[in-house]
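Biologist: I would like to learn how to read a model like this one. Can we start with the contact between the chains?

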Amino acid sequence: MPEQDEAIRLLNVGLDAVLNHPELGEKWLAQNLPILLKNFQVEEYLYSPSDALLQRIDEYIQWCEERRTEDAGHLMEELALLAFLSIKGSASFKSFQSYSPQIDLSVKGSDANWRIFCEHLRIDWDKRTILVEAKNISDTVDEQQFRRFCSIVETMFLNDCLVGVFFTRYGASGFPEETEITTVATIRQRGLRDAAATQLLFHARTKKYVIVLNDKDIRSLVRPGAFIQILNRKLRQVEEWTGLPVSFTESYEEVDLPKHLKRHYTSFAAG
Amino acid sequence: MKTLNLKHFPSFKREGILKNLNELVEHQKELMPHQVAVAAGCTLDEAMGILMLLTADEMAEAYLLVYHTTHDNSSQAPIMARKLTEGFPETPFTCDDCGQEINSTHNLRYDFLFKIKEDMQFIYTSE
């Protein structure tokens, strides 16, 4: 009899078969897929950080603290590659030299696990290639760099790619930052500028996504399921811009309500 | 009688396999993936795919069977059958059979059961 991982694998195979029959299973999937993914802990199954990734994250943290001599760019590229390698179903990894010196990475899968990964993140199957750019620079990714990556996602991978992912240390310019201040009203960013504006305009125009992982996200990758949860929330944030930083904690609860509504939620949650 | 077209499962193009599968569902209304694979001569993955299609088409109800492996192996009976959408049981919980407190999934094993709700037949047409 199968252990837990094999049971989830079989479930994914079954769900893949249903996804291949939209005329038959569309209604059933709409009703049942989200709860199946949750109750079978599919996120934790699909993403389990490898020993190599855990070690590299540890070395990255030490690098941040001690400023080692290791090549910063290579380190970030390795983190990106190892993170995607830790997703079950990722199979094709390509690195190419674009028209500028930057080396990019494209990731793609074809099996049932990658199918469920895409379905969970609402990535069209025919655009299931994910493009990755690693930037371990000492500042935020500026608008020009962000726009350049958007251009690659749009033009060089026109029909194959829906999502581009930046791996960075300091994020990109114009994105809301986490601060010590906990009041939502204080930290909510009301204006759009720089790379953050480009992100939303790019999505509005092309329906494609370019999202940014930062230092805090990278350090979170040690937990099973974390990478998928981070990707999912950052993709949803593009669609539902709130002006709040997208943070990820184990006990994450998203309650973004004005005061007169939040009091009802608080008393409801208290039971 | 309702039918399910197995056009996306090339193995079932062969008449013998389709016949075996239809004989199975004629006599058995509770099916497990390995049982279908053995009877029909297909892979476990194909069997699971077919049974999930039956579920999605509302011709079957799917369950997750949970086994406690520290039991006497001769029994092999599941300690619970959960509706598929309920997923894995949360730990800790107490095994109803042996009374042991189960704190992790280490001693748990799983399988799937599909209860066919009505008479049906598998077909294979390429359109």
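Modeller: This is a predicted model. In it, the side chains of B:Arg109 and A:Glu3 form a salt bridge, with 3.5 Å from N to O.

Biologist: How many salt bridges are there between chain A and chain B?

Modeller: The count is two. Five residue pairs are in polar contact between chain A and chain B.

Biologist: Which helices of chain A supply at least two residues each of the side that touches chain B?

Modeller: Helix H1 (4-19) and helix H2 (22-39) of chain A do. H1(A) gives the largest share of that side, twelve residues.

Biologist: How is the size of an interface often given?

Modeller: Often as the accessible area lost when the parts come together. Here about 2400 Å² is buried between chain A and chain B, and carbon and sulfur atoms give 71% of that area. The contact takes 26 residues from chain A and 27 residues from chain B.

Biologist: Where do nonpolar side chains tend to be in soluble globular proteins?

Modeller: They tend to be buried together. In this model the largest nonpolar core has 100 residues, and A:Phe117, A:Phe167 and B:Phe12 are among those with the most contacts inside it. A second, separate core of 17 residues includes A:Phe149 and A:Ile152.

Biologist: What about disulfides?

Modeller: A disulfide is a covalent bond between the sulfur atoms of two cysteines. The count over all chains is zero. A:Cys150 is in no disulfide, and the nearest cysteine sulfur, that of A:Cys161, is 11 Å away.

Biologist: Is A:Cys150 buried or exposed?

Modeller: A:Cys150 counts as buried because its relative accessibility is 3%, under the 20% cut-off. B:Cys42, at 11%, also counts as buried.

Terms used: Residues numbered from 1 in each chain as written. Chains lettered and ligands numbered in written order. Predicted model: local features only at pLDDT ≥ 70, side-chain atom pairs only at ≥ 80, totals over all residues. Heavy atoms only, no water. Core = buried A, V, L, I, M, F, W, Y, C linked by side-chain atoms within 4.5 Å. Buried < 20%, exposed > 50% of the residue type's maximum accessible area, 1.4 Å probe, protein only. Disulfide = S-S within 2.5 Å. Contact = heavy atoms within 4.5 Å. Buried area = accessible area lost by both parts, 1.4 Å probe. Salt bridge = Lys/Arg side-chain N within 4 Å of Asp/Glu carboxyl O. Polar contact = N/O pair within 3.5 Å; in protein donor to acceptor, adjacent residues only side chain to side chain. Helix = DSSP H or I, 4+ residues; strand = E, 2+ residues; numbered from the N terminus.
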